[in-house]
Amino acid sequence: MTTINASNATCKGSVPATFAALRTAAKAAADKSLAGLSTLLSSGKINQSTYNILSVFIYVNLAVTIQAINALEKAETSACDARQTAELAAAAAARDADLAKINASYNAVLADATAKLNAATASCHNQGSGK
């Protein structure tokens, strides 16, 4: 169980870095798009109104992307927990099955030993009775 818990900690520990990189990439893409818009505006290829509208689209896209990344990060963290729960349940089931086999074997051997002991005791006890 310690291994399963450690595995879950490793799983959950790797999630933030992965998704931080995705957020950084999304921000870099938005910055690049905004820089391109600024170039278009300063060169006179688009007017201020068009720049403003396209800027809003870029920022909305960035916000939606960040929300999606956050949702994926939460889902990935939940997947780590679900995997841990499933592994712990499987380990408990295996332990219970093994214990049941051990107990069944023990009880069978104990019953056989008890029967042999009783037979030996009866044989020894009945020796002097003249039978």
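**Helices, contacts and core**

Modeller: D31 and K27 both belong to helix α1 (residues 2–42), where four residues, about one turn of the helix, separate them. Helices here are DSSP runs of H or I with at least four residues, strands are runs of E with at least two, and both are numbered from the N terminus. This is a predicted model, in which local features need pLDDT of at least 70 and side-chain atom pairs count only at pLDDT 80 or more, whereas totals for chains, interfaces and linings use all residues. Residues are numbered from 1 along each chain as its sequence is written, and side-chain values use heavy atoms, with hydrogens and water left out.

Colleague: What do the side chains of D31 and K27 meet in?

Modeller: Side chains of opposite charge can pair when their charged atoms come close. The criterion for a salt bridge is a side-chain nitrogen of Lys or Arg within 4 Å of a carboxyl oxygen of Asp or Glu. D31 and K27 meet in such a salt bridge, at 2.7 Å from N to O.

Colleague: How many salt bridges does the structure hold?

Modeller: The structure holds five. One of them joins D96 to R95, with the closest N and O atoms 2.9 Å apart. Another pairs the side chains of D112 and K116 at 3.3 Å, N to O; D112 and K116 both lie in helix α2, four residues apart, about one turn of the helix.

Colleague: Are D112 and K116 buried, partly exposed or exposed?

Modeller: The classes rest on relative accessible area: buried is under 20%, exposed is over 50%, and partly exposed is in between, with a 1.4 Å probe and protein chains only. D112 counts as partly exposed because its relative accessibility is 40%, whereas K116, with a relative accessible area of 54%, is exposed. D31 is partly exposed at 35%, and K27 is partly exposed at 41%. D96 is partly exposed at 41%, and R95 is also partly exposed, with a relative accessible area of 41%.

Colleague: How does the span of α1 read against the expected value?

Modeller: The expected span of a helix is 1.5 Å times one less than its number of residues. α1 has 41 residues and reaches 61 Å from its first C-alpha to its last, close to the 60 Å expected. After α1 comes G44, whose phi is positive, near 85 degrees.

Colleague: Which residues form a disulfide?

Modeller: A disulfide is a covalent bond between the sulfur atoms of two cysteines. The rule applied is a pair of cysteine sulfur atoms within 2.5 Å, and by this rule the count comes to one disulfide. C11 and C80 form it, with their sulfur atoms 1.9 Å apart. The pair links distant parts of the chain, C11 in helix α1 and C80 in helix α2, 69 residues apart. The torsion about the S-S bond of C11 and C80 is about -70 degrees, so the disulfide is left-handed. C11 is buried, with a relative accessible area of 14%, and C80 is buried at 2%.

Colleague: Where does E73 lie, and which side chain does the side chain of E73 make a polar contact with?

Modeller: E73 has its place in helix α2 (residues 48–125). A polar contact is a pair of N or O atoms within 3.5 Å; within protein, one must be able to donate a hydrogen and the other to accept it, and residues adjacent in sequence count only if both atoms are side-chain atoms. The side chain of E73 makes one with the side chain of R23, at 3.0 Å. E73 is buried, because its relative accessible area is 15%. Contact means heavy atoms within 4.5 Å; apart from neighbours within four places in sequence, E73 is in contact with V15, P16, F19 and R23.

Colleague: Which residues touch the most other members of the largest nonpolar core?

Modeller: In soluble globular proteins, nonpolar side chains tend to be buried together. A nonpolar core is a set of buried Ala, Val, Leu, Ile, Met, Phe, Trp, Tyr and Cys residues joined through side-chain atoms within 4.5 Å. Of the 13 residues in the largest such core, L37 and I58 touch the most other members. α1 and α2 each supply at least two residues of this core, and α1 gives the most, with seven residues. Not counting residues up to four places away in sequence, I58 touches A30, S33, L34 and L37.
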